[in-house]
Amino acid sequence: MNARQNKPYSGDKYKLGSPFDLDNDTAYHAWLENKMDDYPQDLEDLIVEVNDPKNLTPAEYKVIRDLVKKTNMAIYAGNTGSDPDKTIPEKLAQQFELFLPDDNMGADDGITALRVAGDEWRGEYIPYTNKSIHWHTDGYYNTLDHQIRALLLHCVSPAASGGENALLDHEIVYIRLRQENPDYIRALMEPDVMMIPANINKQGEVIRPDRYGPVFSILEDGNLHMRYTARTRSIEWKPDPLVKKAVKLLHDYMHTDSPYIYRGTLQPGQGLISNNVLHDRSGFEEDDEHKRLLYRMRYYQRVANT
Ligand SMILES: [Fe+2]
């Protein structure tokens with residue numbers, strides 16, 4: 001990814017009820033107009049060069065915050081290169097009031113090192129392999145009170161080739177579906193629309209029971225949250241023709257060349273800060289000098305003030 005300074009975005013016209021409420025067309029259209037005004041159509045517009053990610057200047061902070069407010073994501077590009085210091089992304093996150101990362105199975109301190117793992121249990125999970133990962137939001141299999149609202153990725157070193165991410169603002173997907181048919185949104189907001197079957201290990205122990213939940217939900221602060229995975233195995237959609245059509249449109253949209261789907265490979269010292277936007281990862285190849293290492297942090301809060 002090439003870096004360049006961004007101009008900040010301004011303004012939110014929306015002050016009344018949530019624009020994501022289907023019964024609130026006035027709020028939706030006011031929000032939509034503001035949302036699409038000057039919306040970035042190029043990954044480079046999301047990249048913000050920063051001097052010290054651990055201690056942003058007020059101007060750097062504002063550019064990143066305004067970008068996240070606009071698109072739910074930004075890429076910071078610091079000059080820390082391949083420094084593996086975990087406090088780089090940790091301190092960056094803290095400036096956006098993200099303090100306690102989700103401590104999932106792979107993370108001792110909530111900062112997960114995503115690398116190709118040799119040990120057996122990690123090797124069962126695709127993130128710790130060099131395989132591609134389909135479109136998803138993080139933590140879609142979590143309980144509804146432990147949904148991941150913010151996601152950070154920090155690159156220490158990329159692979160020799162591949163390991164590209166595609167990124168897509170979940171609000172853009174919401175807009176696309178609502179434009180087509182508001183009933184698609186209604187169907188995807190049903191609390192039992194998406195079921196993730198139990199995770200049972202080889203010993204027959206239930207690591208996680210069946211999990212039901214909506215794709216789209218409105219948070220208490222009026223923001224939109226999305227649970228999604230493009231996986232076709234290990235997921236059961238509610239058997240409803242409307243759901244089927246909505247999921248197909250979602251899937252088809254993510255496989256278009258929409259200018260809102262950004263693609264790029266994080267370089268050393270670069271990181272993604274996001275409100276858990278949709279993303280995927282291409283497969284990759286490593287060699288002795290190019291082992292891929294990314295840190296991942298997940299939070300139950302959104303990026304502050306976005
Ligand atoms: Fe992910």
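**Close-up 1. Asp-83 in its loop, between strand E2 and helix H3.** In this predicted model, Asp-83 sits in the loop that links strand E2 (73–77) with helix H3 (87–94).

**Close-up 2. Helix H5 packing with helix H7.** Here H5 (residues 170–180) meets H7 (residues 241–254) at an angle of about 130 degrees, and the two axes are 10 Å apart. The helices are therefore oblique to each other, since an angle over 145 degrees would be needed to count as roughly antiparallel, and 65 to 115 as roughly perpendicular. The crossing of H5 past H7 is right-handed. Which residues of H5 and H7 meet? H5 brings Val-173, Arg-176, Leu-177 and Glu-180, while H7 brings Ala-246, Leu-249, Leu-250 and Tyr-253. Sorted by class, that contact has six nonpolar residues, two charged ones and no polar ones.

**Close-up 3. The open sheet E11-E8-E14.** Three strands make up this open sheet, in the order E11-E8-E14, with antiparallel pairing. Strands E11 (211–213) and E14 (236–237) stand at the edges; each has a single partner strand, so one side of each is left without a neighbour in the sheet. Zoom in on E8 (residues 194–196) and E14, and you'll find them paired in the antiparallel sense over two bridges. Which residue in E14 is the bridge partner of Met-194? That would be Trp-237.

**Close-up 4. Strand E7 with its partners E15 and E17.** Start with E7 (residues 165–168) and E15 (residues 262–264): the two run antiparallel and are joined by three bridges. To get your bearings on this pairing, pick out Asn-165, whose bridge partner in E15 is Gly-264. Then turn to E17 (residues 278–281). How many bridges pair E7 with E17? There are four, again in the antiparallel sense. A handy landmark for this pairing is Ala-166, which stands opposite Asp-280 in E17.

Note on methods
Residues are numbered from 1 along each chain as its sequence is written. This is a predicted model: local features need pLDDT of at least 70, side-chain atom pairs count only at pLDDT 80 or more; totals for chains, interfaces and linings use all residues. Axes are lines fitted to C-alpha atoms, for helices over the stretch in contact, and angles run from 0 to 180 degrees between N-to-C directions. Angles under 35 degrees count as roughly parallel, over 145 as roughly antiparallel, 65 to 115 as roughly perpendicular and the rest as oblique. A crossing is left-handed if the near helix is turned anticlockwise from the far one by less than a right angle, and right-handed if clockwise. Two residues are in contact if their C-beta atoms, placed from the backbone, lie within 7 Å. Ala, Val, Leu, Ile, Met, Phe, Trp, Tyr, Cys and Pro count as nonpolar, Asp, Glu, Lys and Arg as charged, and the others, Gly among them, as polar. Two strands pair if DSSP finds at least two bridges between them.
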